[in-house]
Amino acid sequence: MPELPEVETVKRGLSPAFEGAALRKVEQNRPDLRFPFPENFTSRLTGKRVTALSRRSKYLLADIDSGDVLVMHLGMSGSFRIEADHNESAPGAFVHARSKDTKHDHVVFHLETTTGERPRIIYNDPRRFGFMDLVPRAKLSAHPLFRDLGLEPLGNQLSAETLAGLFEGRKSPLKAALLNQKLIAGLGNIYVCEALWRSGLSPERSAGSLVTKSGKPTKKAIALAANIRETLEDAIKAGGSSLRDHTQADGTLGYFQHSFAVYGRENESCRTPGCSGTVARLVQSNRSTFYCPHCQT
Ligand SMILES: [Zn+2]
């Protein structure tokens, strides 16, 4: 399952080809993925221009000059690749083997870029948990996928003060609050574990414990806000370097190798300098939490 940094990396990889490009032709090779494609999917896109590519939570959003937004989600196994005339550009170093089997190429966008190149952007998805939809821009924020989404963890929205506002009086475990998509959108299990470890915070303490009686963020909350952003930015940086390193290789945009300090390291020594603890695993809300009981309090 791609997490937010991977989706952001895919967005950055696709932007140079997509943004400003005309959609000369769109091939849709089956009626559905996880959900049916919207009616008249290809005709609503053909001949139109992509004005911008952005990301909200784990959704890629391509603004079309018709007023529609093409919403794309990678699901479990979705990936994009860019094919130029004779030169396949498909960046990324990958945790999972990406499907190269063209029978899983479900959508092909034939583009003409602002510089006159004619690449194809191909969406491949063997398990078909991904999906695409077309939503009028004016209706996007009220759409069921988007209306309840919390703030973006990247960028200036997430500060210690906003965290304090979200967490004040909240008795739920800190980890559950961080994974609550209505509070913060797109922050996944791996990066929550990493940010809590960096902050020396127990996943089990209550979210409200990061707020003072007067509603201000505690020192730990200030550290956590910074560490959430840095954890994500470090992963994006790693993804960005894999993009640069692999632009001529036969990978695919979508997933990248990234080493984690605590996630997946049960029974290994804690990497916090000076800590003699051992990484433990516990299950919270059916998800594995990796943490160091010694230095995360
Ligand atoms: Zn430790």
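This is a predicted model: local features need pLDDT of at least 70, side-chain atom pairs count only at pLDDT 80 or more; totals for chains, interfaces and linings use all residues.
The chain has 297 residues, of which 53% count as buried, and its secondary structure consists of six helices and eleven strands. If we take the contacts in the chain with a separation of 6 or more, 69% of them are between residues 24 or more positions apart. The chain exposes about 13,500 Å², and carbon and sulfur atoms supply 48% of that area.

Let me turn to the zinc ion. Its protein donors are the SG atoms of C270, C275, C292 and C295, which lie 2.3 Å from the ion. Along the sequence these donor residues follow the spacing C-x4-C-x16-C-x2-C. The angles among the four donor atoms run from 104 to 115°, and the site is tetrahedral.

Next, the loop between strand 9, residues 131–136, and helix 3, residues 160–167, where we find L145. Is L145 buried or partly exposed? At 25% relative accessibility, L145 counts as partly exposed. Setting aside its neighbours within four places in sequence, L145 is in contact with Y59, V71 and F131. Of these, V71 is 74 residues away from L145 along the chain, and yet the two C-alpha atoms are separated by 9.9 Å.

That brings me to the aromatic rings. A pair of such rings is described by the distance of the centres and the angle of the planes. The count here comes to nine aromatic pairs. One of them is formed by F37 and F41, whose rings are 4.9 Å apart centre to centre with 50° between the planes, a tilted arrangement. F37 counts as buried at 8% relative accessibility, and F41 counts as buried at 1%. Another pair is F80 with Y123, where the centres are 5.1 Å apart and the planes are at 55°, so this pair is tilted too. This second pair links distant parts of the chain, since F80 sits in strand 5, residues 79–83, and Y123 in strand 8, residues 120–124, 43 residues apart. Both F80 and Y123 are buried.

How values were computed
Residues are numbered from 1 along each chain as its sequence is written. Side-chain values use heavy atoms; hydrogens and water are left out. Helices (H or I, at least four residues) and strands (E, at least two) are DSSP runs, numbered from the N terminus. Buried means under 20% relative accessible area, exposed over 50%, partly exposed in between (1.4 Å probe, protein chains only). Contact means heavy atoms within 4.5 Å. Accessible areas come from the Shrake-Rupley method with a 1.4 Å probe; for residues, only the protein chains shown count as cover. Donors are N, O and S atoms within 2.8 Å of the metal (3.2 Å for Na, K and Ca); water is not among the atoms, so sites may look incomplete. Four donors count as tetrahedral if all angles lie between 85 and 135 degrees; four count as square planar and six as octahedral if opposite donors are over 155 degrees apart and all others between 65 and 115; anything else is irregular. Rings of Phe, Tyr and Trp (its six-membered ring) pair if their centres lie within 6.5 Å; planes under 30 degrees apart count as stacked, over 60 as edge-to-face and the rest as tilted.
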